[in-house]
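Visitor: Could you show me how to read a model like this one, feature by feature?
Guide: Gladly, let us look at it together.

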Amino acid sequence: MQPLQQVSIPAPGGQGLNTELTPFQTQTEFALRADNAVVDRIGRLASREAFADYITDSDIQTPAYGGYDVVRMASVEVDDWIPPSHAPLTAAEYGEAEYLLSEWNGDGLTRSLVQVEKDPSEYNAAEYGESEYMGESNTTRVRDVVFGLVATGSFESADANKNGYGLSEYGEGEYSLAGAVGSVKPTEYVGFAIDSGRLRQVSNIRPSHGRTNAQLVPYKDSVFVFSKGDPAMFYYNGLAEKVSEHPDYSPPQDDNGVIAQELDGDIACAAYGRLWVSGVGGNYDTVYYSDLLVPYQWYDGKATPDDAQNTAGIIDVREYWPSGNDKIQGIAAHNGYLIIFGRHSILIYSGAQGDPAGEGGLKLEDAIRDVGLVNQDAMCNIGSDHLFVDSLGVRSLGRVIQEKSTPLGEPSMNVSSTIRRLIAENRDTVRLTHLKSKSMAVCLFPELELAYAFQLGQPSMSGGYRVTRWTDCDWYDGITVRTNREDLTLLGGRNSRGVLQYGGYKQPNPYTFSYESAVLNPGGNLMQSIVPKTMSYSFECDGDSDLTALWGFGADLRYDRKVRHKASSSSDNFKTSRVSLNGSGEMLRVGFDAVITGEELSMQQISINTMMGRTIL
Amino acid sequence: MSDWVNNLFGAAGQIGSVYGALDSANKIEDMGNTMYNNLTQLGNTANTGSQFNGYGVTSTMGNSTIGSDGSVNMGVGVDGSVNQNYQNMMGTGYGGASDGLNRLGQQNAANPWMIQGAQQMAYANKGMADQMAANYGAANQFRDQSMQDMGQRTQDIYNQAMAVQQPGLDRAQAAQQAREYAMGRGGVRGSQFGGTAEDAAMARARAEAGNQASFAAIQQAQAEQLQQANLAQAYGQSGLQGAEMRNQSANMLSDLGVKQKQMTDQRYANMAQLGNQMSQIGLDANKLQYLPMQMQMELMQLAGADADRSQTGQLTGLGYLTQMGLGGAEVNVNASNVANQARANLYDSILDNMGGNSNAEGGSSGIVGLLESILKREG
């Protein structure tokens with residue numbers, strides 16, 4: 001028997017998930033499993049933050065035995081005052097100046113973006129508007145900052161028996177609502193705004209689409225709602241109406257008449273002071289762009305335009321598809337470029353600033369083939385780069401631009417085989433969301449409630465972003481709201497959970513932070529068996545943790561054992577716990593499951609005491 | 001007693017006076033009747049004696065009488081032979097003059113030089129008219145051409161010019177579109193330009209080419225119009241000269257006609273003068289046939305004076321007779337009047353005495369007084 005050998009895995013999985021490793025590679029920096037994990041600031045694998053309840057109160061009208069999903073959200077910037085708006089004044093009974101929309105919150109509390117808190121002054125904003133008590137009340141008058149869409153419908157019961165009998169036949173008493181589980185089957189979409197800690201339904205906005213084929217575009221101080229085949233609408237601080245109903249609306253037109261009465265496309269973007277919309281009238285080869293800072297004026301090709309200053313226009317990209325045909329899947333702006341994504345092509349235009357049709361205006365810089373976008377929700381800008389989901393995985397546009405027709409930039413290369421399959425199965429629903437304040441981009445598969453979280457910043461040693469996998473993702477959309485107090489990462493919850501916050505470590509249902517290592521081969525010889533004896537987990541956790549050690553030999557970690565913690569003798573939150581191991585094999589793999597119930601857990605190091613067995617002859 | 005006496009005498013006096021007055025009146029009435037009869041007889045005598053007796057004149061031309069009722073019998077008539085003689089003379093003279101004038105007119109009408117001149121002038125006039133018409137026709141044609149819609153002509157010229165330029169412009173536009181595509185600016189349309197700025201520049205270039213062609217077409221059309229106007233003016237001028245010559249010819253013809261008319265007028269004036277002379281002769285002849293009657297009337301005037309003198313003597317004698325008769329009657333009346341006056345005065349005084357008068361003492365005078373006083377004494 002040989003003496004014990006100690007195998008240490010510092011910062012296990014610190015390079016994130018890597019499903020592209022063979023079982024014979026011994027790169028312990030990568031993890032073969034990293035569920036509900038993130039890579040923390042010092043490169044350790046740590047538990048992700050919780051999908052915590054944040055706003056659950058709502059006046060969303062749902063069907064009986066049904067619920068709602070928050071399928072989309074968008075926010076405008078928070079201001080301390082209401083700037084002059086392009087939108088007409090609200091038709092509120094008491095006018096905007098004197099009474100705010102928040103005045104009827106009932107309890108006289110200060111209007112807040114998402115929280116209800118006591119106002120420090122005698123006269124709060126709810127009762128008296130800012131114009132009267134400005135400066136004395138010390139209140140912050142906040143507009144509706146977050147607007148979104150919810151899908152309402154009945155729950156699809158996951159219970160086959162209940163499905164067989166149906167809720168309608170046997171009433172609530174027999175089959176309670178609690179028994180109706182599963183996902184909401186959307187039958188209708190309706191707008192909402194976050195208002196003083198609840199979701200206030202905006203009934204005027206009822207698009208035909210929400211989960212897919214729709215987009216919310218913050219532009220100036222409004223949120224524009226684009227849905228396939230529906231007239232574009234906008235929401236501004238309680239006012240919701242069609243864009244075409246605006247008094248200054250001027251539809252795309254020329255001397256032959258109106259080209260499109262309504263901007264009813266679902267591919268949209270706000271950039272360089274304009275709205276850019278495709279899919280109008282079902283045409284996905286054309287992009288309509290609005291006048292500069294005037295979202296109600298569109299292309300006017302008449303010999304004598306109604307407004308001589310109008311610089312709106314149309315881009316017909318048909319002749320530039322590099323592969324002969326394509327379909328616009330998304331429009332984005334990055335690094336001064338206007339990016340038009342097709343299904344399998346990318347057109348990169350420069351000169352979108354100023355007058356695109358003017359001299360030195362819009363100009364096709366590059367047309368890249370065999371790279372495209374799967375749907376309009378599967379891309380996000382991370383500031384320094386623009387990420388998008390292609391059928392090959394998550395791609396980096398910055399690298400694509402740099403390398404032009406040989407785009408090798410593949411942030412998801414560490415999980416490429418896995419994510420490629422998922423993308424292929426979920427082309428229309430996969431989403432890519434940038435959680436700005438978390439420096440993460442999350443590629444969400446809503447149908448699977450599964451996501452891959454890419455850690456932005458320093459990439460992994462393989463060149464791809466460090467990535468982890470999130471499970472139990474019961475949300476659709478994620479946005480970051482910058483308030484005066486903090487940056488909030490909000491998630492659109494499903495199954496009537498309302499709006500969630502990505503923060504803290506406490507969810508209604510605990511979640512499991514899991515890790516599995518790659519193969520450990522301390523002898524460097526796969527012909528010699530390994531007999532692990534003990535394993536120590538060094539981790540950082542504020543409270544008690546529910547940690548289960550996992551180990552095995554080969555693909556499956558067939559052994560598991562609860563890790564017993566020593567009684568904490570100090571206030572130090574750094575802990576080391578040991579667990580005895582058994583079994584032997586050639587390819588040792590270790591891991592753990594940590595149930596997160598409110599405290600963060602970061603795995604610092606895993607140490608294994610093992611003995612090397614006999615050599616297999 | 002005195003009243004009764006008084007009345008008695010008074011009545012007696014009055015009766016006596018009435019009786020005397022009636023008697024005088026009867027005498028005067030008788031004398032009046034007598035004088036009336038005398039004067040009637042005198043009047044009849046004067047009437048008969050003053051009546052016109054008529055007279056007569058006898059001459060070599062005839063015997064004229066004026067009856068007592070004033071009727072005149074000239075006894076001398078119009079001498080128609082005189083008129084007939086003159087009419088014969090006038091007819092002969094007028095016929096000769098007319099023949100002469102007619103011959104003169106025939107000579108004028110048949111003047112070969114004048115006829116030939118008029119014919120030549122007519123030929124020349126017609127030629128000038130034809131030439132003038134042709135010139136005016138040409139002038140009108142050019143005028144019409146010069147007044148044609150210049151826009152249409154300009155459009156035609158413009159179309160020709162643009163048709164020539166079109167291939168080049170198309171090539172330029174195709175090249176521009178190719179450049180635009182190569183630059184990656186194809187398919188971009190902006191409200192400011194309709195397409196891209198390059199499209200607008202091309203459109204401007206095309207518009208400028210079109211504008212130049214348009215201006216050139218306008219200038220060309222204007223030049224053509226000016227040329228046609230000049231031609232029209234030239235032809236019009238020629239036509240105007242022809243018209244002036246024709247006008248001169250017409251004036252000459254008019255002068256000829258005027259002269260002919262003057263000659264005709266002169267002939268008619270001569271004829272009228274001759275007629276006037278003949279008329280005057282006829283008038284004189286007409287006057288001459290009344291000459292015997294005039295002479296007879298002058299004789300009758302002489303005889304009338306004699307008749308007047310005879311009538312005057314007759315009337316003078318009758319005047320004297322009636323004056324004398326009237327004077328006698330007047331004398332007779334005056335004498336009767338005086339006699340009656342004397343008698344009346346007598347009766348009046350008698351009566352006054354018989355009646356008396358009452359005095360202031362109530363007494364009466366005269367016979368009455370006398371009787372009263374008598375009675376009073378007796379009483």
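Guide: We will take the two chains in turn and then the contact between them, keeping in mind that this is a predicted model.

Visitor: Let me start with an inventory. How many helices and strands are there in chain A?
Guide: Chain A has six helices and 40 strands. Of its 617 residues, 51% are buried.

Visitor: And what does the secondary structure of chain B come to?
Guide: Chain B has seven helices and four strands. Read from the N terminus, its elements follow the order α-β-β-β-α-α-α-β-α-α-α. Buried residues make up 13% of the 379 residues in this chain.

Visitor: Now strands. What holds the strands of a sheet together?
Guide: Strands pair through backbone hydrogen bonds, and the pairing can be parallel or antiparallel. For a case in chain A, take strand S7 (residues 146-155). Strand S6 (residues 66-75) of chain A runs antiparallel to S7(A), and nine bridges join them. In that pairing, A:Asp69 stands opposite A:Ala151. S7(A) is also joined by nine bridges to strand S8 (residues 184-194) of chain A, again antiparallel. There, A:Phe155 has A:Val184 as its bridge partner in S8(A).

Visitor: Why is S7(A) said to be largely enclosed by the rest of the structure?
Guide: The reason is a count of residues: eight of the 10 in S7(A) are buried, so the strand is largely enclosed. A residue counts as buried here when 20 or more other C-beta atoms lie within 10 Å of its own.

Visitor: Which strands make up the open sheet in chain B, and in what order?
Guide: The order is S1-S2-S3, with antiparallel pairing in this open sheet of three strands. The edge strands, S1 (55-58) and S3 (72-73) of chain B, each pair on one side only. S1(B) and strand S2 (residues 63-66) of chain B share four bridges in the antiparallel sense. One residue pair to find on screen is B:Val57 with its bridge partner B:Ser64 in S2(B).

Visitor: How do I read helix packing? At what angle do H4 and H5 of chain B pack?
Guide: Look at the angle and the distance between the axes. Helix H4 (residues 150-183) and helix H5 (residues 197-288) of chain B pack at about 160°, with axes 8 Å apart. That angle makes H4(B) roughly antiparallel to H5(B), because angles over 145 degrees are counted that way. Their crossing is right-handed. The residues of this contact divide into 13 nonpolar, eight polar and five charged.

Visitor: Finally, the contact between the chains. How many residues does each chain give?
Guide: Chain A gives 24 residues and chain B gives 16 residues. On the chain A side, strand S19 (313-316) and strand S23 (363-369) are the elements that give two or more residues. S19(A) gives the most, with four residues. By type, the chain A side has 10 nonpolar, six polar and eight charged residues.

Visitor: Which strand of chain B is joined to S19(A)?
Guide: Strand S4 (residues 188-190) of chain B is joined to S19(A) by three bridges, and the two run antiparallel. To locate this pairing, find A:Ile315, whose bridge partner in S4(B) is B:Val188.

Notes:
Residues are numbered from 1 along each chain as its sequence is written. Chains are lettered from A and ligands numbered from 1 in the order in which they are written. This is a predicted model: local features need pLDDT of at least 70, side-chain atom pairs count only at pLDDT 80 or more; totals for chains, interfaces and linings use all residues. Two residues are in contact if their C-beta atoms, placed from the backbone, lie within 7 Å. Ala, Val, Leu, Ile, Met, Phe, Trp, Tyr, Cys and Pro count as nonpolar, Asp, Glu, Lys and Arg as charged, and the others, Gly among them, as polar. Two strands pair if DSSP finds at least two bridges between them. Axes are lines fitted to C-alpha atoms, for helices over the stretch in contact, and angles run from 0 to 180 degrees between N-to-C directions. Angles under 35 degrees count as roughly parallel, over 145 as roughly antiparallel, 65 to 115 as roughly perpendicular and the rest as oblique. A crossing is left-handed if the near helix is turned anticlockwise from the far one by less than a right angle, and right-handed if clockwise. A residue is buried if 20 or more other C-beta atoms lie within 10 Å of its own, exposed if 12 or fewer, and partly exposed in between; C-beta atoms are placed from the backbone.
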